[in-house]
Every structure is written in structure tokens, then in C-alpha cells.
Amino acid sequence: MNIGLLLPVRKKWWKPVTFKTYPIEIADDLNLVVCLLTVNDNEVSRLPGVSKRLKFRLDRILENQKIWPILEHPFFNGLYQVDTSVFGKAVKALALQLFHEVISAIKGLGTLINKEILVTGSSEYLEHAIEILITKVKTINILIPKGVNEPVEAERAFLETGIPVHITTDYDVVKRTGIWIKFPDENEWFDALSRNIKGIIVDLDSLKIIDTKTRKIFNICAEFPDKVRRRLGQQILNTWEKNVLEGFILTVCAKAWNMKESEVFKRLGMRFSFIS
């Protein structure tokens, strides 16, 4: 499978427009084909006539070389009408599903089996967190607003493992916790509690790691393995915002291979990293 990246290369105004490609192997059956299009001025490429002719030529080349889909450089301003926000959302959905791997990737936390962890979020995420964490940590504290039903997974997990899940409406639990996992759709009043924790906040809604001790904030990112990163090079890796290129490949491969994004993530040897 050939997936394309459309990148601009500056040219002198009197030189003709050229289109060159070269492949970068990502996996045995996956090539990222870099498509280099020489350009003069962004405003010229936006003109309807020029864009139409360019796109016709590009379409023929892409079709002949079986390159599709294609992620274009922001310079081209929608030549192929790609909404890149969907790729960042794909990485967010993956981080929510594989949140335990996100936590495990944080340096300096030590063994989770000795940790007491606080979890907040909507009911569906609480159920998921209990199911994954019940045998991996010392204690799970679930903070819920008063009047909200307790997650049913808590009782089932206790019956199956003998490990209790502490359900509480006491906000002071934040002060006794070193790791707080914040899933989406938690109670809006919980945000103000962040100043009371002395440790790590894993905010999966905003994809951030907040170290309240050092007052540092890191973005949660999907990352290719080192050998792939070396092949791509920093220029390509830095062309798009974090998680756009990664989410693009995850999304395309999941559809082409009829796999879940989490399966593609592991098949490609990807991991989670944290960028300040």
C-alpha cells in the first residue's frame, strides 16, 4: 500500500512545475510516498485555473503510481480538501483506549502495583478504567459527584479479584493521591481540585500530562519507532502538528487492513511519548 505526502518545493519563477516522488518504507506492506511539487507562490496555486490543471496532473500521477490517500502540506490550502483534525481525534481515541500504556510510558512513576490512583470521568470511562486497572495498581479511588450512581464494574471487579474499588464523593481524596487520571466528561467542579494534588495528572481529555511538583506540562503524542523516525527525518515529522501524521497513518491503515487503530498501533511498533 502506498500512502502519499504532498510537500512543496520552492522554485524560480521561470522554471517549469515538476512533480517527483520517493518512497519511505514504514512496514513490509506499507510505503509512505513523499510527493514533491515545485511551487512558485501560494496565491498563484490558489487560482482556480492553476489549481485545476495542477490537480488534474497530480491525479493522473497518483493514480498511475497507486498512491492514495494523500496528506497535503498546509501550504496547498485544501488542494485535496483534507480535514486534519480527524487524525488528532483518532490519536485521542487511541489514548483513551490504551490509557494504561500512556501511564506506563511516564518516566519516574515506578511500579504501578504499589500506587494509589484516582480516576474521574463519565460512567463509561470509569467502567473501562476499573476493568483495566483492577489488577495493576494498589488502590483505585473513583471520585464521583453526589447523587451519581456508582459504576457497576466496581462491585463485579471486587467479586472477581477481591480487590476493592473505593467509590467516594469526598473531594479530599485528591490530596491523598499521587496519580490522577482524568477522563472526558467529568464533573466541571473537579477542575478546581487540580491545585490540591501533588503529583501527576493524566488529562486524557486534553491529551496532557501535568506534573504539579515541577509545574511542567507535556503533550501526549503517538510516535513512530526510532527506525521509522530516522527514515522520515525531522523535516517531515515537523511539517504537521503532533498527532496529525501519526493519526493519518493509523486511520488509513485501520481501514485498509480492516483492523482496529489499537492493532495498527502495535503492528507498526508505535508508542506514546510526551512533548513539552
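In strand S7 of the predicted model, valine 165 is the bridge partner of isoleucine 140. Strand S6 (residues 139–143) and S7 run parallel and are joined by four bridges; strands are counted as paired if DSSP finds at least two bridges between them. Helices (H or I, at least four residues) and strands (E, at least two) are DSSP runs, numbered from the N terminus. Together with helix H6 (residues 152–161), S6 and S7 make a right-handed β-α-β unit; a crossover is right-handed if, with the strands pointing away from the viewer, the path from the first strand over the helix to the second runs clockwise. Residues are numbered from 1 along each chain as its sequence is written. Because the model is predicted, local features need pLDDT of at least 70 and side-chain atom pairs count only at pLDDT 80 or more, whereas totals for chains, interfaces and linings use all residues; side-chain values use heavy atoms, with hydrogens and water left out.

S6 and S7 belong to an open sheet of eight strands, ordered S7-S6-S5-S8-S9-S10-S11-S12, in which the pairing is mixed. Strand S7 (165–168) and strand S12 (271–275) are at the edges with a single partner strand each, so one side of each has no neighbour in the sheet. From one strand to the next the twist averages 25°. Axes are lines fitted to C-alpha atoms, for helices over the stretch in contact, and angles run from 0 to 180 degrees between N-to-C directions. Strand S11 (residues 216–223) and S12 run antiparallel and are joined by five bridges. Asparagine 219 has isoleucine 275 in S12 as its bridge partner.

A search of the whole structure finds one cavity of 30 Å³ or more. On a 1 Å grid over the protein atoms alone, a cavity is a set of points where a 1.4 Å probe fits but cannot get out, and lining residues have an atom within 4 Å of a point. Grid points are joined across faces, edges and corners, and a volume is the space filled by probe spheres set on the points. The largest cavity holds about 40 Å³ of space. Its lining consists of Cys221, Ala222, Glu223, Arg229, Lys242, Glu246, Ser273 and Ile275. S11 and S12 each supply at least two residues of this lining, and the largest share, three residues, comes from S11. By class, the lining has three nonpolar, one polar and four charged residues, where Ala, Val, Leu, Ile, Met, Phe, Trp, Tyr, Cys and Pro count as nonpolar, Asp, Glu, Lys and Arg as charged, and the others, Gly among them, as polar.

An open sheet of four strands has mixed pairing and the order S2-S3-S1-S4. Strand S2 (19–27) and strand S4 (67–72) stand at its edges, each with a single partner strand, so one side of each is left without a neighbour in the sheet. The twist here averages 30° from one strand to the next. Eight bridges pair S2 with strand S3 (residues 30–39) in the antiparallel sense, and phenylalanine 19 has leucine 37 in S3 as its bridge partner. Helix H7 (residues 226–237) packs on this sheet and touches strand S1 (2–10), S2 and S3, its direction making about 135° with that of S2; contact means heavy atoms within 4.5 Å.

Two backbone features remain. Tryptophan 68 and proline 69 are joined by a cis peptide bond with omega about 0°, and proline 69 lies in strand S4. Asparagine 243, in the loop between H7 and helix H8 (244–256), has a positive phi near 85°.

Note on methods
On a 1 Å grid over the protein atoms alone, a cavity is a set of points where a 1.4 Å probe fits but cannot get out, and a pocket is an open set with protein on both sides within 12 Å along at least five of seven lines; lining residues have an atom within 4 Å of a point.
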